[in-house]
Amino acid sequence: MGSHEEERLLLEEGLVENERSELYTGDGSVDIKGNPVLKRNTGNWRACPFILGTECCERLAYYGIATNLVSYLTKKLHEGNVSAARNVTTWQGTCYLTPLIGAVLADAYWGRYWTIAVFSTIYFIGMCTLTLSASVPAFKPAECVDSICPSATPAQYAVFFFGLYLIALGTGGIKPCVSSFGADQFDDTDPEERVKKGSFFNWFYFSINIGAFVSSSLIVWIQDNAGWGLGFGIPAAFMAIAIISFFSGTPLYRFQKPGGSPVTRMCQVLVASFHKWSLAVPSDSSLLYETSDKSSAIEGSRKLLHTDELKCLDKAAVISEVESKTGDFSNHWKLCTVTQIEELKILIRMFPIWATGIVFSAVYAQMSTMFVEQGMVMDTKIGSFTIPAASLSTFDVISVIFWVPVYDKVLVPIARKLTGKERGFSELQRMGIGLFISVFCMASAAVVEIKRLNLARELGLVDEDVAVPLSIFWQIPQYFLLGAAEVFTFIGQLEFFYDQSPDAMRSLCSALALLTTSLGNYLSSFILTVVTSITTRGGKPGWIPDNLNKGHLDYFFWLLAGLSFFNMVIYIFCAKIFKSKKAS
């Protein structure tokens with residue numbers, strides 16, 4: 001009789017558990033008050049329009065500054081080509097370095113929602129400061145008189161760069177959190193929502209490029225024709241709209257609890273494994289320390305299964321005789337859980353894939369620097385209408401807007417039938433295709449430059465700092481190829497670093513993905529500096545002089561094409577040996 005009663009209670013408990021799993025999310029998400037969230041009322045695509053709207057407006061604001069920044073530095077602050085390009089890539093590099101700050105705050109203390117809220121405010125203040133620097137006469141450098149262009153005063157530089165780097169700090173808090181916060185709206189434990197999450201990353205990048213499209217066409221034209229004050233003011237207004245859009249979706253959002261500092265947890269594993277260096281790792285991994293609870297000891301994280309790589313780190317989970325006798329497992333600097341160790345292993349396994357993204361980002365950095373400077377010495381007129389050189393980046397955006405739906409609606413279904421994978425291509429395959437396309441992008445830019453230089457020689461324009469009568473539309477292929485490479489590589493990175501990252505490290509891993517862009521910009525600045533230093537020896541003009549008709553920008557593009565090919569070969573090797581994470 002007792003056994004029948006126990007069976008009935010277990011059955012009822014199972015039914016209640018199943019009913020609960022159907023009503024509530026299974027990934028530990030909560031509402032803004034910390035209560036479990038109902039699936040039917042929150043998250044999923046119903047919450048995403050607010051997040052995508054925020055990202056679209058924020059990217060419009062960012063690219064409204066970044067796209068034409070090199071023109072502002074050369075035309076208004078009167079900087080040289082190399083100095084302006086270096087300032088732009090250094091600033092852009094900083095914009096992709098500061099996400100580490102936002103990521104640690106989001107994962108450890110504030111959560112993604114409040115991190116976005118705080119840094120959006122900083123961002124808006126930076127936008128307003130930059131607008132003032134281009135609007136208030138005292139903050140603006142004097143205009144050129146004939147060929148004499150007075151330098152900006154230290155105070156004018158200070159106001160301009162203060163606003164610029166406030167934007168870098170603000171965007172840093174937003175970047176690692178928005179894509180992860182959007183992906184948080186889909187329950188990983190629900191197969192249907194998991195497939196939708198893969199589609200979310202495509203449309204997230206699509207919304208980025210809608211904002212970039214408006215910036216690279218309309219905003220750039222306003223800056224060049226109606227003034228920089230208005231040209232910076234409109235992006236500032238859109239940043240305000242982004243903040244309003246984000247807060248408007250609050251009742252529909254799903255929130256993940258911050259799990260404590262991921263940096264501290266990684267340090268604990270290293271210290272504990274060093275402390276127990278002399279202890280042997282048992283052959284039976286079940287003897288390693290892990291909590292007996294169903295959930296992980298790390299807030300907001302599921303347990304991770306043990307893997308056999310990097311066994312030296314497993315020493316951190318070996319239970320010593322003293323710990324076994326006393327039953328005291330509370331000191332995480334001496335004893336770590338398997339899940340905590342696996343977090344660090346995952347980051348180490350992802351490192352080679354992460355590193356290969358740096359060269360691709362250096363290629364991408366050329367769109368706002370060398371591609372623009374190349375376009376400025378080409379024929380930018382259609383009849384009486386002058387096209388700003390920076391506006392050609394519109395074709396990069398058009399390429400992305402074209403390829404995202406084609407990828408999502410055409411290529412993925414075809415690939416799904418061929419591979420049997422729910423997302424069609426794996427993230428690693430997708431990124432590899434993008435790296436392959438990037439080689440052709442740089443080769444295309446080099447071919448255009450060869451044609452431009454040949455025409456300059458034929459017309460005797462080598463010694464004249466003037467535009468060559470070659471239509472700027474010859475640049476379209478390189479922009480279009482770069483857009484296609486973005487769709488495969490950058491979106492693949494977003495998916496890869498979100499899916500492979502531990503639950504409580506997703507903002508940090510998104511920041512690491514963005515860090516490749518930062519390092520790519522710094523790499524571009526470094527290559528520019530080295531190339532300029534070497535090629536200008538002995539009084540030579542170098543590859544990239546102020547008068548590009550005297551230079552060899554084509555050699556610079558071929559150099560990047562070669563680096564891209566070498567990088568792709570290394571990536572293929574790293575992708576073949578990579579092993580995915582295992583969640584319990």
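Let's start with a pair of glutamines: the side chains of Gln475 and Gln374 are joined by a polar contact of 2.8 Å. Keep in mind as you look around that this is a predicted model. To find Gln475, go to the loop between strand 4 (468–471) and helix 17. You won't see this residue from outside, because a relative accessible area of 0% makes Gln475 buried. Who surrounds it? Leaving aside residues up to four places away in sequence, Gln475 touches Phe371, Gln374, Gly375, Met378 and Leu392.

For a closer look at the packing, pick Ile353. Not counting residues up to four places away in sequence, Ile353 is in touch with Leu428, Met431, Phe496, Tyr571, Cys574, Ala575 and Phe578.

Now for the charged pairs. The model has 13 salt bridges by the rule used here. Take Arg265 and Glu343, whose side chains meet in one of 2.9 Å, N to O. Arg265 sits in helix 9 (residues 262–275) and Glu343 in helix 12 (residues 338–355), so this pair ties together parts that are 78 residues apart in sequence. Are these two buried or exposed? Both Arg265 and Glu343 are buried.

Asp308 pairs with Lys311, and their closest N and O atoms are 3.9 Å apart. Asp308 has 58% relative accessibility, so this residue counts as exposed. Lys311 comes out at 40%, which means partly exposed, since that label covers values between 20% and 50%. Then there is Lys409 with Asp408, where the closest N and O atoms are 3.9 Å apart. Here Lys409 is exposed, because its relative accessible area is 57%. Asp408, at 12% relative accessibility, counts as buried. Elsewhere, salt bridges with shared partners link Glu55, Glu58 and Arg59 into one network.

Ile32, Tyr109, Trp110, Trp114, Val118 and Phe247 make a nonpolar surface patch of about 610 Å². Which helix gives the most to this patch? Helix 5 (residues 99–135) does, with four residues. Trp114, a member of the patch, has its place in helix 5. Why is Trp114 called partly exposed? Its relative accessibility is 46%, and a residue needs over 50% to be called exposed.

Our last stop is Ser324, which you'll find in helix 11 (residues 321–326). With a relative accessible area of 52%, Ser324 is exposed. Once residues up to four places away in sequence are set aside, Ser324 touches Ile319 and Phe329.

Key: Residues are numbered from 1 along each chain as its sequence is written. This is a predicted model: local features need pLDDT of at least 70, side-chain atom pairs count only at pLDDT 80 or more; totals for chains, interfaces and linings use all residues. Side-chain values use heavy atoms; hydrogens and water are left out. Contact means heavy atoms within 4.5 Å. Patches are made of residues with over 30% relative accessible area and no salt bridge: like charges are joined within 9 Å, nonpolar side chains (Val, Leu, Ile, Met, Phe, Trp, Tyr) within 5 Å. Accessible areas come from the Shrake-Rupley method with a 1.4 Å probe; for residues, only the protein chains shown count as cover. A salt bridge is a side-chain nitrogen of Lys or Arg within 4 Å of a carboxyl oxygen of Asp or Glu. Helices (H or I, at least four residues) and strands (E, at least two) are DSSP runs, numbered from the N terminus. Buried means under 20% relative accessible area, exposed over 50%, partly exposed in between (1.4 Å probe, protein chains only). A polar contact is a pair of N or O atoms within 3.5 Å; within protein, one must be able to donate a hydrogen and the other to accept it, and residues adjacent in sequence count only if both atoms are side-chain atoms.
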